[in-house]
Amino acid sequence: MTLTDFIERLRLPFQDDKELRLSLRQIMGFYPHNIEHYKIALTHKSSGQRNDKGKPLNNERLEFLGDAMLDAVVGHIVFERFKGKREGFLTNTRSKLVSRESLGKLAHEMGLDELIQSKGQQQRAHNSYMAGNAFEALVGAIYLDLGYDAVRRFMEQRILKQMVNIDTVAYKEVNFKSKLLEWTQKNRVRMEYRMLKQTTDDKGSPIFGFQVFIEGVEGGKAQGYSKKEAQQLSSKETLERLRREPQFIDSIFAAKSERTKMEEEPTTAAPNIDDFSEAPVVAESPKVSKAPKDSVASKDPVASKGSAASKGSAASVAPKVVEAPEAAAADDGDEFDLSDITHNPAELSKEEIIAAAEAAAFAEQ
């Protein structure tokens, strides 16, 4: 027992708020000096209490101070406890010790939640963060009342020695990445990790820098000696921002609303039917020239070759023309069959088909 604590014990019978002082002595391990700090630390904003000037009383400012003091004191303890460990390990250990869930459980086990002045017991039961906030405010009150050494003594002697096994907590894996992924899936928002840089330290060990982006909004960023470590630390920082910065959450859901709105809008307008003609355009078929009356039509390739050779010599004799089958059919008086035209009738107009038929008929006379 310190001298200050001994003096406060002697003064207890003559002071007001004896029950509160005894309860705090049981929780903290020492007597409070200035009880007013602790009264504010245990006052939730829902209580509706006001000071002499009519301003609302609550523990939010002490909560802010206590959070900073916890980071400093626990960081100091972890630094001295785990000599030689890297920054990533120390950061993870401190984060697990001062997490809101851990502080809430400690406050409940210590009975601190029973001392909170709020609107009602029912509200305390439904607010999982109220006890953790009160724990941080209590640390802020201890710092204002008795200083940094008292805060460290409270954390070492009362918390880490009696209630928390620091070694077990340090080596217990907490997957911040999984927790963040669970949050994004629950709220149906998109998340990605982007590697910002890859460097090396003075000893040549690789260092990776990563940042979280949720719906394109910049989240936490961190660096580590592995990609996994950097992503874990950036996830942790993002989770802390989600807990402490309402505007960060607002920007995420605003970006999500903008994205979903764009996805619901039609990407292109419906095509205009006036831009299309009633029938597709067909390429113009080649013209079939009429054969002269004195020309001889033949399908015999030998005859064609001989005819071309006769142009080169005046004494050449024209080869014998072999009678085509269609010519024989014409001599028999049969009706002319359009299917015998060598060109595909479907590609010719009516006038072209007639002209081709006439040319073939005259060639056989």
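This is a predicted model: local features need pLDDT of at least 70, side-chain atom pairs count only at pLDDT 80 or more; totals for chains, interfaces and linings use all residues.

**Entry 1: Thr184.** I started with Thr184 and skipped its neighbours within four places in sequence; what is left in contact with Thr184 is Val189, Met191 and Ile214. Thr184 belongs to helix α11. Buried or exposed, I asked of Thr184? It counts as buried, because its relative accessibility is 2% and the cut-off for buried is under 20%.

**Entry 2: aromatic pairs.** Next I ran a search for aromatic pairs over the whole structure, and five came up. I looked at Phe82 and Tyr171 first: their ring centres are 6.1 Å apart and the planes stand at 80°, so I logged the pair as edge-to-face. Where do the two partners, Phe82 and Tyr171, lie? Phe82 is in the loop between α4 (60-81) and α5 (87-97), and Tyr171 is in the loop between α10 (166-170) and α11 (176-186), so the pair ties together parts 89 residues apart in sequence. I checked accessibility as well: Phe82 is buried at 6% relative accessible area, whereas Tyr171 counts as exposed at 53%. Phe89 joins in too, as ring pairs link Phe82, Phe89 and Tyr171 into a cluster.

Then I took Phe135 with Phe154. This aromatic pair is tilted, with 5.9 Å from centre to centre and 35° between the planes. Phe135 sits in helix α8 (residues 130-146) and Phe154 in helix α9 (residues 148-160), so this pair ties together parts that are 19 residues apart in sequence. I get 0% relative accessibility for Phe135, which counts as buried, and 0% for Phe154, also buried.

**Entry 3: charges over rings.** I also looked for arginines over ring faces. Arg194 lies over the face of Phe213, 3.9 Å from the ring centre. Arg241 has its charged end over the ring of Phe248, at 4.0 Å from the centre.

**Entry 4: α4 against α9.** Back to α9, this time for its packing. What angle do α4 and α9 make? They pack at about 65°, and their axes are 10 Å apart. I noted the crossing of α4 past α9 as right-handed. On the α4 side I listed Met69, Leu70, Ala72, Val73, Val74, His76, Ile77 and Glu80; these meet Tyr148, Val151, Arg152, Met155, Glu156 and Leu160 in α9. Sorted by class, the contact of α4 with α9 has 10 nonpolar residues, one polar and three charged.

**Entry 5: Gln157.** While on α9 I picked out Gln157, which is found in this helix. Gln157 is partly exposed, at 38% relative accessible area. How far apart in space are Gln157 and Gly29? I get 8.1 Å, C-alpha to C-alpha, for two residues 128 apart in sequence.

**Entry 6: Arg243.** Last one for today. Arg243 is in helix α12 (residues 227-244) and counts as partly exposed, at 31% relative accessibility. Which residues is Arg243 in contact with, leaving aside neighbours within four places in sequence? I found Arg100 and Tyr129.

Methods
Residues are numbered from 1 along each chain as its sequence is written. Side-chain values use heavy atoms; hydrogens and water are left out. Rings of Phe, Tyr and Trp (its six-membered ring) pair if their centres lie within 6.5 Å; planes under 30 degrees apart count as stacked, over 60 as edge-to-face and the rest as tilted. Helices (H or I, at least four residues) and strands (E, at least two) are DSSP runs, numbered from the N terminus. Buried means under 20% relative accessible area, exposed over 50%, partly exposed in between (1.4 Å probe, protein chains only). A charge sits over a ring if NZ of Lys or CZ of Arg is within 6 Å of the ring centre and within 35 degrees of the ring normal. Axes are lines fitted to C-alpha atoms, for helices over the stretch in contact, and angles run from 0 to 180 degrees between N-to-C directions. A crossing is left-handed if the near helix is turned anticlockwise from the far one by less than a right angle, and right-handed if clockwise. Contact means heavy atoms within 4.5 Å. Ala, Val, Leu, Ile, Met, Phe, Trp, Tyr, Cys and Pro count as nonpolar, Asp, Glu, Lys and Arg as charged, and the others, Gly among them, as polar.
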